[in-house]
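Walk through this structure with me, from the whole chain down to single side chains. Keep the viewer open as you read.

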Amino acid sequence: MSLNILVIDDDIKVGNLTKVLLKKKGHQVAHFTELHSAMAAFATTQVDLVILDLHLGAQGGIDVLQYLSRVSVKAPILIMSSCDTRTANSVINVGRACNLNMVGFLPKSQTVEELVALVTQFDRVAHPVDDDSLTHALENDQFFLMYQPKIDLRDGGLVSVEALLRWKDPEQGIITPDHFISMAEKSGHIDPITWKVMDMALAQLACWQARGMELTMAINMSAVLLAKPDVSEIVQWLLASHGIAPNKLILELTETAGLHNLMPAQDAITRLRAMGVELSLDDFGTGHASFTQLYQIPFSEIKVDRMFVGRMPEDDHACAIVEAIVGLGKSLGIRVVAEGIERQQQLEQLKGLGCEVGQGYLFGRPMSPGDIEQRFMHG
């Protein structure tokens, strides 16, 4: 599938080389050396990917990101620059705070061919998901769940799983939620999708409980859905339907996904917590409203963002931030979960800080129910 790609880079040699390589792969590519000349393309073209350099003379990459935010660009944005990784990550955070779809950083010191490999991941989602495709997916049972284990870092035992939604499209293959949840929230499909996910996840939890596996089930919940008046009643009905105790369900709310607008949902949140359902604040530390949310909303769990966990072995600042979050959780009586654990060194550091629970590829990638059972069932 061909993508419409915009390259904004004042290095003519790099820009032209990138353009040639991507065109050879069948993509439509336009190269601009500054924002002004690219503005018309955003107004007249469906852009599938933006490749942005941070150094554009008088106008820097952050200025470009602010413009893209103002015109509500939804296309994924890849930073390709000669800056250091720490600077690039800061810029990515700025972009995400502006509600832009920042997908990563590629140093210019690497070969441009690596860019071609990276771009291929966007092929199957080149065109936006629409209402009809979501309706069709629901009607034809194209959604399914994978489960990622959450491990007690003290003894290595499985204590919970996070249900991760996947869409198996006959033409595009497996599609992850980051490519369709935003559209689902705008179109109203987020309601039936979320309830379908919860129904499937609780049914699976009931099966595991019947086999002697004592776990909790974490499910992602949209802030858009939580603001609706009947949420607590539907959750209560689903729990009763599957014979699941409320304290076995954890609803994960992403800090970067509109939590600053959660005050209209305060009633539903309070009812859910009074019922016994647990509430988790995901991606903690990446949004500007973290402490306000902890003060206003009765969370029982916070999840340390993988960005900090991933940098712990090499970055003392990241380690200090994680230590502070773990200490904060203990002071408030809130369970702390570390995301993105991929190396043994990260695990040892987290255990040393007293972090209770972790998840990441070190323990396992998202698995089928059978894989969970095979790996973690004993006896």
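Predicted model: local features only at pLDDT ≥ 70, side-chain atom pairs only at ≥ 80, totals over all residues.

The chain has 379 residues, and 49% of them count as buried. Its secondary structure comes to 16 helices and 14 strands. The accessible surface is about 17500 Å². Carbon and sulfur atoms account for 52% of that surface. Now look at the contacts between residues at least 6 apart in sequence. Of these, 69% join residues at least 24 apart.

Turn to charge next. Side chains of opposite charge can pair when their charged atoms come close. The structure holds 13 salt bridges. Start with Glu-162 and Lys-303, whose side chains meet at 3.1 Å, N to O. Glu-162 sits in strand β7, residues 158-169, and Lys-303 in strand β12, residues 301-304, so this pair ties together parts 141 residues apart in sequence. Are these two residues buried or exposed? Both Glu-162 and Lys-303 are buried.

Lys-303 has another partner. Its side chain also meets that of Glu-339 in a salt bridge, at 3.4 Å, N to O. Lys-303 belongs to strand β12, while Glu-339 lies in the loop between β13 (335-338) and α15 (344-353), so the pair ties together parts 36 residues apart in sequence. The cut-off for buried is under 20% relative accessible area. Lys-303 counts as buried because its relative accessibility is 0%. Glu-339 is buried too, because its value is 4%.

These residues belong to a network of salt bridges. It links Lys-150, Glu-162, Glu-252, Glu-278, Glu-301, Lys-303, Arg-335 and Glu-339. Select the eight names in your viewer to trace it.

A further pair is Lys-248 and Glu-214. Their side chains meet in a salt bridge of 3.4 Å, N to O. Lys-248 lies in the loop between α10 (231-242) and β10 (249-254), and Glu-214 in the loop between α8 (190-210) and β9 (216-220), so the pair ties together parts 34 residues apart in sequence. Glu-214 counts as exposed because its relative accessibility is 51%.

Helix α4 covers residues 85-97, 13 residues in total. From its first C-alpha to its last, α4 reaches 18 Å, close to the 18 Å expected at 1.5 Å a residue. Which residues of α4 are buried? They are Ala-88, Asn-89, Val-91, Ile-92 and Gly-95. Seen down the axis of α4, these buried residues fall within an arc of 160°, so they line one face of the helix. An α-helix has 3.6 residues a turn, so residues three or four places apart point the same way. After α4 comes Asn-99, whose phi is positive, near 65°.

Cysteines come next. The count of disulfides is zero. Cys-98 counts as partly exposed, because its relative accessibility is 23%. Cys-319 has a relative accessible area of 19%, so it is buried.

Finish at Asp-267. Asp-267 has its place in helix α11, residues 266-275. With 45% relative accessibility, Asp-267 counts as partly exposed. How far apart are Asp-267 and Ser-232 in space, C-alpha to C-alpha? The distance is 9.2 Å, although Asp-267 and Ser-232 are 35 residues apart in sequence.

Notes: Residues numbered from 1 in each chain as written. Heavy atoms only, no water. Helix = DSSP H or I, 4+ residues; strand = E, 2+ residues; numbered from the N terminus. Expected span 1.5 Å × (residues − 1). Buried < 20%, exposed > 50% of the residue type's maximum accessible area, 1.4 Å probe, protein only. Arc of directions from axis to C-beta. Contact = heavy atoms within 4.5 Å. Areas by Shrake-Rupley, 256 points an atom, 1.4 Å probe, with all protein chains shown as cover. Salt bridge = Lys/Arg side-chain N within 4 Å of Asp/Glu carboxyl O. Disulfide = S-S within 2.5 Å.
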